[in-house]
Every structure is written in C-alpha cells, then in structure tokens.
Amino acid sequence: MDKIDYKIISLLQENARYPLKYLAEKVFLSSPAVSARIERLEKQGIITGYHANLDSVTLGYHITAFINLTLEPHQKVEFYPFIEACPNVLECNCVTGNYSMLIKVCFPSTQELDIFIGKLQTYGKTETQIVFSTPVQPRGIDISVLNNVNLDDEDGDGNDKSSNTND
C-alpha cells in the first residue's frame with residue numbers, strides 16, 4: 001500500500017458514498033485508476049465492506065448493553081451458531097479476563113434484554129452493563145498513524161498543504 005491507498009481508505013471511512021470523481025480529485029488520479037485501486041484493496045481483504053450507520057434510538061432500540069459471559073471451551077461449538085443467529089447481537093468478541101465473551105446488544109426494552117440474558121445464562125454466568133451514553137461513536141481505524149503517513153501531504157514533500165505556515 002502506498003500513500004494514495006491510505007488516502008483513499010481514509011476518505012472511504014469518512015464517507016463510503018463519495019463518488020469516484022470526488023475521490024479521484026482528492027488523490028490526483030483518474031476515476032478508473034481510483035476504481036482499480038479500490039478493487040485491489042477489496043481483493044486483498046483490506047476493504048471488507050461498506051455500511052450505513054443507523055440511529056438505534058430512532059428505530060426504537062432504546063437499550064444498548066454489553067454482556068460479559070463465561071463460556072467453557074467445549075461450549076463454543078454450540079454457542080457460536082446460537083449467538084450468530086441472534087438479530088439483536090451487534091457484536092460478539094472472545095476476550096481475556098474473568099469472562100470469555102463480550103457481547104454488544106441492542107433491544108427496544110429492558111424486558112427484552114432480560115429475556116435474552118436468561119437465554120445466555122444457559123451457557124454460563126453473565127454480567128451486564130447498560131450504556132447511558134456513547135461519547136465516542138464506532139469509527140474506523142485512523143490509518144494516518146500507520147507508517148507515519150501524512151495524508152494531507154499531497155505532493156510527498158513532507159509539508160502539509162492544509163496548514164499555511166506563511167502567516
């Protein structure tokens with residue numbers, strides 16, 4: 001990956017619906033060249049998809065929670081298909097520490113959350129934290145910190161064109 005790839009990825013994380021023409025202008029390439037780079041990044045598995053961010057509260061899902069679950073290793077064969085099939089599970093991670101699974105869920109009510117927790121408790125002990133607020137929304141990786149890439153250095157001379165040093 002070169003600096004242009006990093007810039008394209010950064011722009012797509014900002015807004016995956018940017019037109020190719022806009023991306024091309026930002027990286028000083030033609031639209032077909034940008035399209036080819038995006039296709040290559042997809043084939044390499046660097047770009048794995050494009051998603052819409054939804055407001056769960058507006059959709060009626062007022063309760064977001066994180067559930068810790070203890071799970072014995074032999075239970076994974078049964079548990080993984082179960083948790084994958086649960087539509088209210090936003091994320092499920094195998095983690096270190098006192099619990100083995102960290103599950104992010106979203107439900108319309110605490111009653112529905114409680115029913116789900118009851119189902120989880122057939123696998124092991126749970127501990128639940130209900131989210132009050134989310135000061136940092138889910139976001140992409142800040143790729144500018146990878147390999148010390150300055151994404152605003154348009155011509156590669158080490159100078160950031162977005163800041164005027166001739167005051």
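# Exercises: a loop Phe, a pocket and some ring pairs

Phe28 is exposed, with a relative accessible area of 55% (over 50% is exposed, under 20% buried, and in between partly exposed, using a 1.4 Å probe on protein chains only). The model is predicted, so local features need pLDDT of at least 70 and side-chain atom pairs count only at pLDDT 80 or more, while totals for chains, interfaces and linings use all residues. Numbering runs from 1 along each chain as its sequence is written, and side-chain values use heavy atoms, with hydrogens and water left out.

**Exercise 1.** Find where Phe28 is and check its phi.

- Step 1: Look in the loop between helix 2 (20-27) and helix 3 (31-43). Helices here are DSSP runs of H or I with at least four residues, strands are E runs of at least two, and both are numbered from the N terminus.

**Exercise 2.** Describe the largest pocket by volume and lining.

- Step 1: Get the pocket on a 1 Å grid over the protein atoms alone, as an open set of points with protein on both sides within 12 Å along at least five of seven lines; lining residues have an atom within 4 Å of a point.
- Step 2: The volume is about 1800 Å³.
- Step 3: The lining takes in 45 residues, and His51, Ala52, Asn53, Pro138 and Arg139 lie nearest the centre.
- Step 4: Two or more lining residues come from each of helix 1 (3-14), strand 1 (63-69), strand 2 (89-94) and strand 3 (101-107). Helix 1 has the largest share, with five residues.

**Exercise 3.** Classify the ring pair Phe82 and Tyr123, and say what the pair ties together.

- Step 1: Apply the rule: rings of Phe, Tyr and Trp (its six-membered ring) pair if their centres lie within 6.5 Å, with planes under 30 degrees apart stacked, over 60 edge-to-face and the rest tilted. The count comes to six aromatic pairs.
- Step 2: Phe82 and Tyr123 sit 5.3 Å centre to centre with 35 degrees between the planes, a tilted pair.
- Step 3: Phe82 is in helix 4 (residues 76-84) and Tyr123 in the loop between helix 5 (110-120) and strand 4 (126-130), so the pair ties together parts 41 residues apart in sequence.
- Step 4: Tyr123 is buried at 12% relative accessible area, while Phe82 is partly exposed at 23%.
- Step 5: Phe79, Tyr80, Phe82 and Tyr123 form one aromatic cluster.

How values were computed. On a 1 Å grid over the protein atoms alone, a cavity is a set of points where a 1.4 Å probe fits but cannot get out, and a pocket is an open set with protein on both sides within 12 Å along at least five of seven lines; lining residues have an atom within 4 Å of a point. Grid points are joined across faces, edges and corners, and a volume is the space filled by probe spheres set on the points.
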